[in-house]
Amino acid sequence: MAAVTDIPVHLPKLLALFKTVVPKLVNNKHKGQYGRIGVIGGSLEYTGAPYFAAISSIRVGADLAHVFCHSNASAIIKSYSPDLIVHPVLDCVDAVERITPWLERLHVIVIGPGLGREPSILKTASNILKLCMDTKKPVVIDADGLFLLNDNLNLICGQRNVLLTPNVMEFRRLFGEDSEEARQKMSLLGAGVTVLEKGANDKVYVPHCNEVHSMPTGGSGRRCGGQGDLLSGSLATFFSWSLQSDEPNPALVAACASSYFVKKLNAAAFQKFGRSLLASDMVNEIPVVFQVEFENSDPQ
């Protein structure tokens with residue numbers, strides 16, 4: 001196999017490029033055109049994860065966010081925010097049939113936040129993923145969504161517009177401990193799958209051309225729960241915009257931009273709260289950090 005090319009991300013170039021991807025706010029658009037995001041996840045034990053993914057997607061700038069969750073989680077997630085559209089359907093026997101009409105309306109689907117490991121729910125999520133692949137729906141797969149792929153990478157091999165967001169341990173479970181083994185398994189993914197490995201230095205793998213784009217360090221030492229969910233939600237909106245802008249490498253641009261963005265959120269919140277920082281504090285930093293880092297200041 002060809003050697004992997006490690007490419008350090010040039011931040012000024014990335015930021016300049018992403019500013020061209022962010023859609024300008026104009027008065028002739030209607031609700032939904034700036035992004036409609038779906039989140040598949042949420043169980044009785046894990047209600048925060050789908051909330052953080054969905055709320056970050058609309059805080060970044062998507063117009064609508066839908067959460068498709070277990071019925072036991074629905075009221076709890078609704079109580080967190082009236083801005084989310086919550087569907088208590090994942091544990092229904094006809095869950096896939098109920099969700100299918102909604103999928104047609106959404107630009108990007110996030111599969112996994114707070115999904116849990118209940119076999120029947122995982123089966124439903126797997127069927128939804130298959131449906132997304134059959135209909136060419138762009139997806140971001142995180143958390144328990146990645147658990148689905150541990151023995152079933154073939155679900156996404158050869159597909160288009162698929163983004164995986166594993167942390168270091170999830171990456172090893174998916175691709176193995178050995179670097180050569182990982183390269184070989186990733187080579188099977190095809191040209192349409194991109195992998196964002198989260199860590200001190202996030203890495204964005206483009207398997208089909210043996211490239212890994214290394215992000216600089218950032219954020220802080222505070223690693224509270226929920227930050228990965230903020231990443232998957234913001235990434236979904238960034239991905240939607242990159243696809244709509246006809247950017248030639250939409251997954252790569254969105255992955256690098258969201259990696260940079262979430263570390264900036266962490267750093268900004270850490271300045272205020274230190275080791276007391278919570279994921280909800282990072283959500284509150286989204287407007288200012290986005291304005292500083294990404295907003296195109298050209299006249300409207």
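A helix here is a DSSP run of H or I at least four residues long, numbered from the N terminus. With that in hand, let's look at this predicted model, starting with T237, which is found in helix α9, spanning residues 227-244.

- T237 has a relative accessibility of 0%, and since buried means under 20%, T237 counts as buried.
- So who does T237 touch once you leave aside its neighbours within four places in sequence? The contacts are I37, S57, V60, G61 and A62.

**Aromatic rings**

- You can find 15 aromatic pairs in the structure.
- Take F238 and F294: their ring centres are 5.6 Å apart and their planes sit at 90°, so this pair is edge-to-face. (The cut-off for that label is an angle over 60 degrees.)
- F238 lies in helix α9, while F294 is in the segment after α11 (279-293), so the pair ties together parts that are 56 residues apart in sequence.
- Both F238 and F294 are buried, and for F294 the relative accessible area is 0%.
- F294 also pairs with F290: here the ring centres are 5.5 Å apart and the planes are at 75°, so this pair is edge-to-face too.
- F290 is buried as well, with a relative accessible area of 6%.
- Which aromatic cluster do F238, F290 and F294 belong to? They form one cluster together with F18, W241, Y260 and F261.

**Charges over rings**

- R105 has its charged end over the ring of W102, 4.3 Å from the ring's centre.
- R117 does this with F147: its charged end sits over that ring, 3.8 Å from the centre.

**The UniProt binding site**

- An unreviewed UniProt entry lists G114, N167, V168, M169, E170, F171, R172, R173 and D229 under "binding site".
- Is N167 buried, exposed or partly exposed? Its relative accessible area is 30%, so N167 is partly exposed.
- The side chain of N167 reaches the backbone nitrogen of M169, at 3.2 Å.

**A279 in helix α11**

- A279 is found in helix α11, and its 3% relative accessibility means that A279 counts as buried.
- Leaving aside neighbours within four places in sequence, A279 is in contact with F52, C224, G225, G226 and L230.
- How many Å separate the C-alpha atoms of A279 and C157? The separation is 33 Å, and along the chain these two residues are 122 residues apart.

Methods
Residues numbered from 1 in each chain as written. Predicted model: local features only at pLDDT ≥ 70, side-chain atom pairs only at ≥ 80, totals over all residues. Heavy atoms only, no water. UniProt positions renumbered as here; feature names shortened; annotations may be inferred. Buried < 20%, exposed > 50% of the residue type's maximum accessible area, 1.4 Å probe, protein only. Polar contact = N/O pair within 3.5 Å; in protein donor to acceptor, adjacent residues only side chain to side chain. Helix = DSSP H or I, 4+ residues; strand = E, 2+ residues; numbered from the N terminus. Contact = heavy atoms within 4.5 Å. Phe/Tyr/Trp six-rings, centres within 6.5 Å; stacked < 30°, edge-to-face > 60°. Lys NZ or Arg CZ within 6 Å of the ring centre and 35° of its normal.
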